[in-house]
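Dear colleague,

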Amino acid sequence: MTSIDWSSVLAYGLLFLAALGGGAMNAVAGGGTFLTFPSLTFSGLSLLSANATSTVALWPGTVSSAIALRQQWGTYRSRLAGYLLISLFGGLAGALLLLRLSSDTLGDVFPYLLLTATLLFAFKSRLEKQQTAERPSPAWLQTLVLLLVAIYGGFFGGGMGIMMMAMFSLLGMTDVRNANALKVLLTVVVNGISVVTFIVADVIVWPSALVMVGGSILGGYVGAVYARRVSPQRLRIIIVSIGLILTVYFFLR
């Protein structure tokens, strides 16, 4: 009779819970990466595999959100194809850049990425409430900014949605709900091409990824159902605290 490896069961159980919490956090206020990424590194994965596996784990929840918001994409129909192509190219460039860096370089870079994502999340409300431009920015500036955000998203992803919302506001998009729908769609594209790139490069740890996909989908559903019962302000404090603790940990590591 084969004995049960309870240590593995516990490890996968903790990963499932991290993805459950991450999916719920994304549905309520964002910041799911702050749970999924570190939980994978603590389980023994390298920074590269943890980042790739985390992206896979959270992507299905983003796809379901995009489908739910599909009616609002039409607002940007004339510019949508261009936005999608830029996001696709930027996400691919960011993912390829991640694959080319050595493990030592990743160890040096990731603490700063976590710090950036944490600060973005901490000042999320202020960024999204910035005064919008009196007139739309030039097309070349929109392309450049979106490309840089997409490259960042393909490379790491934490805080990308906040960057996009701030960018949309500063570029003159005044309807927050429509901008949010566009953000979700472009996030699907950026993370989607990253997932494909990571699959081809064979850097995803599939047992962990599959366990976490189930957790993130369930967490996303539960989070969407109970989103109105949770205080976004209180959740934001918790997420920022987690981000700061993890940032200090990775700086000291």
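A residue counts as partly exposed when its relative accessible area lies between the buried class, under 20%, and the exposed class, over 50%. Please bear in mind throughout that this is a predicted model.

With a relative accessible area of 41%, Leu218 is therefore partly exposed. Leu218 belongs to helix α10, which covers residues 206-225. Leaving aside residues up to four places away in sequence, Leu218 touches Phe16 and Leu20. Gly61 is 157 residues from Leu218 in sequence, yet their C-alpha atoms are 8.8 Å apart in space.

As to the protein as a whole, its secondary structure consists of 11 helices and zero strands. Of its 253 residues, 45% count as buried. The accessible surface is about 13,200 Å², and carbon and sulfur atoms account for 65% of that area. Where contacts link residues at least 6 apart in sequence, 82% of them join residues at least 24 apart.

I also examined one helix pair. Helix α2 (residues 33-42) packs with helix α3 (residues 47-68) at an angle of about 140 degrees, and their axes are 8 Å apart. The two helices are therefore oblique to each other, and their crossing is right-handed. On the α2 side, the contact involves Thr33, Thr36, Phe37, Leu40 and Thr41; these meet Leu47, Ala50, Asn51, Thr53, Ser54 and Leu58 of α3. By class, the residues of this contact comprise five nonpolar, six polar and no charged.

Yours sincerely

Notes. Residues are numbered from 1 along each chain as its sequence is written. This is a predicted model: local features need pLDDT of at least 70, side-chain atom pairs count only at pLDDT 80 or more; totals for chains, interfaces and linings use all residues. Side-chain values use heavy atoms; hydrogens and water are left out. Axes are lines fitted to C-alpha atoms, for helices over the stretch in contact, and angles run from 0 to 180 degrees between N-to-C directions. Helices (H or I, at least four residues) and strands (E, at least two) are DSSP runs, numbered from the N terminus. Angles under 35 degrees count as roughly parallel, over 145 as roughly antiparallel, 65 to 115 as roughly perpendicular and the rest as oblique. A crossing is left-handed if the near helix is turned anticlockwise from the far one by less than a right angle, and right-handed if clockwise. Contact means heavy atoms within 4.5 Å. Ala, Val, Leu, Ile, Met, Phe, Trp, Tyr, Cys and Pro count as nonpolar, Asp, Glu, Lys and Arg as charged, and the others, Gly among them, as polar. Buried means under 20% relative accessible area, exposed over 50%, partly exposed in between (1.4 Å probe, protein chains only). Accessible areas come from the Shrake-Rupley method with a 1.4 Å probe; for residues, only the protein chains shown count as cover.
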